[in-house]
Amino acid sequence: MKVLLLGASGRIGRRIASELLDRGHAVTGVSRGGTVEEIDDPAFTSLAGDATDADALTKLLAGHDAVASALGPSGEESPDALVAMMTAVVEAMRRASVDRLVWTGGAGILRVGPETRLVDSEEFPEEWKPVARAAVEAYDVLEAAEDLRWTYLAPAALIEPGERTGEYRTATGELVADEEGDSRISMEDFAVAFVDELESGEGVHAKLGVGY
Ligand SMILES: NC(=O)c1ccc[n+]([C@@H]2O[C@H](COP(=O)([O-])OP(=O)(O)OC[C@H]3O[C@@H](n4cnc5c(N)ncnc54)[C@H](OP(=O)(O)O)[C@@H]3O)[C@@H](O)[C@H]2O)c1
């Protein structure tokens, strides 16, 4: 597959790039900075582009089979940038006639009880609420795009750099936690789950939690 990877320079994006390249896919990595450190592979091309600009994305999409996103608003930026990015990506995919998208989402949207999302639970940290609410709004844009074959892949509550074990579990719409209630995943194993989903298409039109 030839994959346009948005947010390729980010912490999760770099690991998704490595996982895609290790499995023989060709990757065009996009970020505003246009460079991705640590990746040196003939099947990898790094380009500068703004993911809130639908015109620019439409041009970048030419010749690609699928879009992978690990976009996130940078520290200084308003979390609402996430909604602008989702809107532009959906629009550009329609214009470029590319219909497969796997999006790295936020755990806040996932259910932790019959009626409760993580973002609405008492234990959800106050400082993460603005970005989690923006992620929910961005998800609403995605959910309305029924013409695209999208999958929203949301990590466990805690996602950190770690080991690639190849092990993970997914749950539709739910936070994945272990028997002690710990919800975690390494960024490397999240990347494994991400590329498995991109390749299989089993979770089209689903939001999936990923954890151990
Ligand atoms: N537990 C959880 O739910 C959880 C935890 C962590 C992350 N996440 C999700 O995963 C996403 C990625 O996380 P991360 O830690 O890997 O983020 P990160 O390291 O901040 O990476 C964000 C990436 O997005 C790119 N980017 C930002 N704005 C852009 C724009 N306008 N145009 C093009 N590229 C842009 C950045 O590159 P430039 O700055 O060079 O443009 C960078 O490559 C987050 O947004 C969040 O949704 C979820």
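This is a predicted model: local features need pLDDT of at least 70, side-chain atom pairs count only at pLDDT 80 or more; totals for chains, interfaces and linings use all residues.
Student: How many salt bridges does a search of the whole structure find?

Tutor: Side chains of opposite charge can pair when their charged atoms come close. In this structure the search finds 15 salt bridges. One of them is formed by Glu 199 with Arg 23, where the closest N and O atoms are 2.8 Å apart. Glu 199 belongs to helix α5 (residues 187-200), while Arg 23 sits in the loop between α1 (11-22) and β2 (26-31), so this pair ties together parts that are 176 residues apart in sequence.

Student: Are Glu 199 and Arg 23 buried, exposed or partly exposed?

Tutor: Glu 199 is partly exposed, with a relative accessible area of 37%, and Arg 23 is also partly exposed, at 27%.

Student: Which parts of the chain does the salt bridge between Arg 32 and Glu 77 tie together?

Tutor: The side chains of Arg 32 and Glu 77 meet at 3.2 Å, taken from N to O. Arg 32 lies in the loop between β2 and β3 (44-48), and Glu 77 in the loop between β4 (66-69) and α3 (81-96), so the pair links parts that are 45 residues apart in sequence. Arg 32 is exposed, with a relative accessible area of 51%, whereas Glu 77, at 30%, is partly exposed.

Student: What is the N to O distance in the salt bridge of Asp 120 and Arg 117, and which residues do shared partners join into one network?

Tutor: The side chains of Asp 120 and Arg 117 meet at 3.0 Å, N to O; Asp 120 is partly exposed at 44% relative accessibility, and Arg 117 is partly exposed at 31%. As for the network, salt bridges that share partners join Glu 19, Arg 23, Arg 164, Asp 196 and Glu 199.

Student: Which residues form the negative surface patch?

Tutor: A patch of this kind is built from residues that have over 30% relative accessible area and no salt bridge. Here the negative patch is formed by Asp 80, Glu 137, Asp 140, Glu 143 and Glu 146. Take Glu 137 as the example: this residue is found in helix α4 (residues 129-143), and at 45% relative accessibility Glu 137 counts as partly exposed.

Student: How far apart are Gly 13 and Ser 69, in sequence and in space?

Tutor: Gly 13 and Ser 69 are separated by 56 residues in sequence, and their C-alpha atoms are 7.5 Å apart. Gly 13 lies in helix α1 and is buried, with a relative accessible area of 0%. For Val 210 and Ile 16, the separation is 194 residues in sequence and 14 Å in space, C-alpha to C-alpha. Val 210 lies in strand β10 and is buried, its relative accessible area being 0%.

Student: Finally, where do Glu 38 and His 205 lie, and what are their phi values?

Tutor: Most residues other than glycine have a negative phi. Glu 38, although not a glycine, has a positive phi of about 80 degrees; this residue lies in the loop between β2 and β3 and is exposed, with a relative accessible area of 71%. His 205, also a residue other than glycine, has a positive phi near 65 degrees. His 205 is placed in the loop between α5 and β10 (206-211), and with a relative accessible area of 39% His 205 is partly exposed.

Conventions
Residues are numbered from 1 along each chain as its sequence is written. Side-chain values use heavy atoms; hydrogens and water are left out. Patches are made of residues with over 30% relative accessible area and no salt bridge: like charges are joined within 9 Å, nonpolar side chains (Val, Leu, Ile, Met, Phe, Trp, Tyr) within 5 Å. Accessible areas come from the Shrake-Rupley method with a 1.4 Å probe; for residues, only the protein chains shown count as cover. A salt bridge is a side-chain nitrogen of Lys or Arg within 4 Å of a carboxyl oxygen of Asp or Glu. Lys and Arg count as positive and Asp and Glu as negative; His and the chain ends are not counted. The place of a charge is taken as NZ of Lys, CZ of Arg, CG of Asp or CD of Glu. Helices (H or I, at least four residues) and strands (E, at least two) are DSSP runs, numbered from the N terminus. Buried means under 20% relative accessible area, exposed over 50%, partly exposed in between (1.4 Å probe, protein chains only).
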